[in-house]
Amino acid sequence: MKIATWNVNSLSVRLPQVLDWLQANPVDALGLQELKLTDDKFPHAEFNEAGYQAVSHGQKTYNGVAWITRTQGADVVRNIPGLDDEQARIIATTIASPAGDIRLINGYFVNGQAPGTDKFAYKMRWLQALHSWVQGQLALHPRLVLVGDFNVAPEDRDSFDPVGLKDTIHHTVEERTHFQQLLQLGLSDAFRLFEQPEKSFSWWDYRMLGFQKNRGLRIDHILVSSELKSRVSACSIDRLPRKNKQPSDHAPVVVCLDL
């Protein structure tokens with residue numbers, strides 16, 4: 001089974017790229033972030049024609065998340081239960097697998113703007129609420145995968161300039177602590193289960209030849225529960241879509257599970 005995550009930075013703009021990618025990379029589940037469209041505008045027909053089902057949690061202009069799956073999902077949850085949040089940032093569903101049901105959680109984590117701002121405080125509240133909810137989900141669903149644009153570079157090696165960007169957004173101790181606390185729940189960073197090339201990133205700024213100079217960050221992640229950890233056979237970042245004309249500034253991340 002293959003599960004992927006991709007911040008597409010506007011599904012309206014990049015739907016053809018997503019469909020082309022799915023044809024070339026027939027994953028079983030794809031979590032999308034930054035749809036930037038409402039649910040009534042979601043292109044269900046196009047995904048159905050490509051052999052996929054979709055559930056979405058959209059929002060006009062900003063945010064928005066979706067799961068694109070080979071089989072119909074169940075028990076769909078939109079946003080973090082109990083958190084008063086107007087922003088469409090979480091969608092969860094459950095799909096069947098040969099090893100049993102797998103709970104899929106897809107998040108577009110808060111950016112946070114800069115330490116000391118109201119947006120950073122919102123990020124901290126959101127991350128704490130996510131942690132509590134995921135803890136409960138793990139108790140209910142031992143086979144769980146959490147994917148998304150986390151907007152956190154967990155370690156210095158996940159940043160092109162860890163010294164110059166020290167303590168800036170995506171690099172703060174507070175953000176990295178929240179990431180570690182998710183791991184302490186029993187989740188594992190699938191990408192780091194394997195030897196990876198140095199300077200492996202999933203996001204590059206559009207400006208200043210960010211991609212061409214590999215001035216990037218690894219902020220898109222796939223975390224797997226302890227029951228699935230031993231079944232992870234590969235995890236990689238697909239840089240090819242970043243070379244597209246009018247690309248997203250993020251690249252897909254894909255995990256392979258032997259089920």
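Me: To start, how many helices and strands does the protein chain have?

Reply: This is a predicted model, and the secondary structure of its protein chain comes to five helices and 14 strands. The radius of gyration is 17 Å, close to the 18 Å that the globule rule gives for 259 residues, so the chain is as compact as a globular protein of that length.

Me: And what does the C-alpha trace span along its principal axes?

Reply: Along those axes the C-alpha trace of the protein chain spans about 45 × 40 × 40 Å.

Me: Switching to helices, at what angle do α3 and α4 pack?

Reply: Helix α3, residues 118-140, and helix α4, residues 173-184, pack at an angle of about 10°, with their axes 10 Å apart. Since angles under 35 degrees count as roughly parallel, the two helices are therefore roughly parallel to each other.

Me: Which residues meet there?

Reply: From α3 the contact involves Phe-120, Lys-123, Met-124, Leu-127, Gln-128, Leu-130 and His-131, and these meet Glu-174, Glu-175, His-178, Gln-181 and Leu-182 in α4. By class, the residues of this contact divide into five nonpolar, four polar and three charged.

Me: Now pockets: how much space lies in the largest pocket, and what lines it?

Reply: The largest pocket holds about 850 Å³ of space and is lined by 36 residues, with Tyr-108, Asn-111, Gln-113, Asn-151 and His-170 lying nearest its centre. Its lining divides into 12 nonpolar, 14 polar and 10 charged residues.

Me: Which element gives the largest share of that lining?

Reply: That is helix α3, which contributes three residues.

Me: And what about the second largest pocket, how much space is there?

Reply: About 200 Å³ of space lies in the second largest pocket, and the residues lining it include Arg-157, Phe-160, Arg-192, Glu-195 and Phe-201. By class, this lining has four nonpolar, three polar and five charged residues.

Conventions. Residues numbered from 1 in each chain as written. Predicted model: local features only at pLDDT ≥ 70, side-chain atom pairs only at ≥ 80, totals over all residues. Heavy atoms only, no water. 1 Å grid on protein atoms, 1.4 Å probe; cavity = no way out; pocket = protein on both sides within 12 Å on 5 of 7 lines; lining within 4 Å. Points joined across faces, edges and corners; volume = space filled by probe spheres on them. Helix = DSSP H or I, 4+ residues; strand = E, 2+ residues; numbered from the N terminus. Nonpolar A, V, L, I, M, F, W, Y, C, P; charged D, E, K, R; others polar. Axes fitted to C-alpha atoms, helices over the stretch in contact; angles between N-to-C directions. Parallel < 35°, antiparallel > 145°, perpendicular 65-115°, else oblique. Contact = heavy atoms within 4.5 Å. Rg over C-alpha atoms; globule rule 2.2 N^0.38 Å.
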